[in-house]
Amino acid sequence: MEEKFAHLVKMDRSIMEIDPAGSSPQLPTRRRFIIAGALFFSVVISYLDRSNLSIVAPKLTADLQLSPIGTGFILGAFGWTYASCQIPASWFVDRVNPRVLYCLVLILWSLSTFFLGLAHGLFTLVILRFAIGAFEAPAYPINNRVVSTWFGENERAGAIGFYTSGQFVGLAFLTPALSWVTATFGWRAVFFIAGIAGLVWAGIWWIVYRDPREFKGANAAEIDMIRANGGILDFSPIDPPEARESGWSDLRLILGRQKLWGIYIGQFGMSCTLWFFLTWFPTYLVTFRHLDFMRAGLLASLPFIAAFTGVLSGGFSSDFMLRRGLSLTVARKAPIIGGLLLASSIVCANFLTTPTQVIACLCCSFFGCGFASISWSLVSALAPKRLIGLTGGVFNCFSNLAAIIVPSVIGILVKGQSFGRPLAFISAMAILGALSYIFLVGKVERITV
């Protein structure tokens, strides 16, 4: 994990503290990299649980004899509660320590995932997917709060790119394995494995996570370095009454800024590409490109590897530009806009015939989606300090409207054996996202209250 941040380690050597017990210089410790690793594995678990249904969908839907519209409804069920619970969940993120809240929601959504393996009807599947969406709602706002606490602005995009890559690398390497599990032991076994993995990780998170001042081994030099570079160390579980407005006033503030609407719309555009891959992609390969199930599982991993590479490249490129003297606006927006335009190339798959060509096109598109995934760094940079959780919740709510819309719209747009219209829709949404960052976000600077 520390190797992913090797280029950042040199910065530690420029910040030193005199040991009060003597006069020896003290270098900043690197405990923040442990936190980045913990966030990475948390994202792997969360995306495994939200997307494992897509892996087993060809087998599950054949077993239940579901139509494309019915399949779209099941795949989109997660998104209904995930998106609608973002704002209520963000209230807790601003007030409950991440160690407690993350452990609790991990346990709840992992149990729901486990019980999917015991479901015997459409109604039960939908209810449990609703539950997983609701319990996962705080996950990314918690990630953003943690990275805003542990990383200064000069390292934050790289850290966000690193943990965000977990959503792709986990699926890249696990998709073939889970496809094999499905073919060998049945689709129920996938949910049992994922649920148990989440419960184990909840215990590990409880043991490992602490805020910087409480983390064993994090020295004062590291804490001072984080603070000096804009890390927000002073989150309090509950805002003091004199600094707290009503929840509705806070929400009006978050919904009343053009800059924030720019990232809301932009993130929705990017998430449309993401949710195609998280829901319909395996079915697209099996049903519309006529690949056998095991081969589809192997090929499906390649775009996720491309997206993983894109996420790391986008995050570290952004921080590199910032360190080379480019403005925060250019360093953050350029990778996002470029990535979204590249993601729109997914429509080109409509004009390709061989599986190799199609997968190459989809890899290019998903690489662009990953490259643009540093958009959470703009939440940290733009949001009022005391409302980072709420801003992240609203941001993630708009983002995950795609989890509702994309599966259902694709089910409606599918025409016979043609998948042309759904891919054109995904491409158009990526272009909309790029235009939003270009024309609405403007200069990247924190909104003050």
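Glu155 and Arg32 join their side chains in a salt bridge, with 2.9 Å from N to O. Glu155 belongs to helix 8 (residues 153–164) and Arg32 to helix 2, so this pair ties together parts that are 123 residues apart in sequence. A salt bridge here is a side-chain nitrogen of Lys or Arg within 4 Å of a carboxyl oxygen of Asp or Glu. Helices (H or I, at least four residues) and strands (E, at least two) are DSSP runs, numbered from the N terminus.

This is a predicted model, in which local features need pLDDT of at least 70 and side-chain atom pairs count only at pLDDT 80 or more, while totals for chains, interfaces and linings use all residues. Residues are numbered from 1 along each chain as its sequence is written, and side-chain values use heavy atoms, with hydrogens and water left out.

Are Glu155 and Arg32 buried or exposed? Glu155 has a relative accessibility of 3% and therefore counts as buried. Arg32, at 0%, also counts as buried. The term buried means under 20% relative accessible area, exposed means over 50%, and partly exposed lies in between (1.4 Å probe, protein chains only). Arg32 and Glu155 are also linked with Glu222 in a network of salt bridges.

## Other salt bridges

How many salt bridges does a search of the whole structure find? The search finds six. One of the salt bridges is formed by Asp224 and Arg227, whose closest N and O atoms are 2.9 Å apart. Asp224 and Arg227 are three residues apart in helix 11 (residues 220–228), so about one helical turn separates them. Asp224 is partly exposed, because its relative accessible area is 34%. Arg227 is partly exposed as well, with a value of 39%.

A salt bridge also brings together the side chains of Arg332 and Asp319, at 3.2 Å from N to O. Arg332 lies in helix 15 (residues 328–343) and Asp319 in helix 14, so the pair ties together parts that are 13 residues apart in sequence. Both Arg332 and Asp319 are buried.

## Two pairs of residues apart in sequence

Gly315 is placed in helix 14 (residues 293–323). With a relative accessible area of 0%, Gly315 is buried. The C-alpha atoms of Gly315 and Arg332 are separated by 8.7 Å, and the two residues are 17 residues apart along the chain.

Leu27 sits in the loop between strand 2 (25–26) and helix 2. The relative accessible area of Leu27 is 38%, so Leu27 is partly exposed. Along the chain, Leu27 and Asn219 are 192 residues apart, while 8.6 Å separates their C-alpha atoms.

## How the helices cross

The axes of helix 2 (residues 31–64) and helix 13 (residues 258–288) come within 7 Å and cross at roughly 20°. Helix 2 is therefore roughly parallel to helix 13. Their crossing is right-handed. Axes are lines fitted to C-alpha atoms, for helices over the stretch in contact, and angles run from 0 to 180 degrees between N-to-C directions. Angles under 35 degrees count as roughly parallel, over 145 as roughly antiparallel, 65 to 115 as roughly perpendicular and the rest as oblique. A crossing is left-handed if the near helix is turned anticlockwise from the far one by less than a right angle, and right-handed if clockwise.

Helix 2 also has a crossing with helix 5, where the axes come within 11 Å at an angle of roughly 30°. This makes helix 2 roughly parallel to helix 5. The crossing of helix 2 and helix 5 is left-handed.

How are helix 13 and helix 20 placed, roughly parallel or roughly antiparallel? The axes of helix 13 and helix 20 (residues 420–441) come within 8 Å and cross at roughly 160°. These two helices are therefore roughly antiparallel to each other. Helix 13 passes helix 20 in a left-handed crossing.

## A nonpolar patch on the surface

Which residues form the nonpolar patch on the surface? They are Ile107, Leu111, Phe115, Leu118 and Leu199, with about 390 Å² of accessible area together. Patches are made of residues with over 30% relative accessible area and no salt bridge; like charges are joined within 9 Å and nonpolar side chains (Val, Leu, Ile, Met, Phe, Trp, Tyr) within 5 Å. Accessible areas come from the Shrake-Rupley method with a 1.4 Å probe, and for residues only the protein chains shown count as cover.

Helix 5 (residues 98–116) supplies the largest share of the nonpolar patch, three residues. Leu118 is in the loop between helix 5 and helix 6 (122–136). Leu118 counts as partly exposed because its relative accessibility is 45%.
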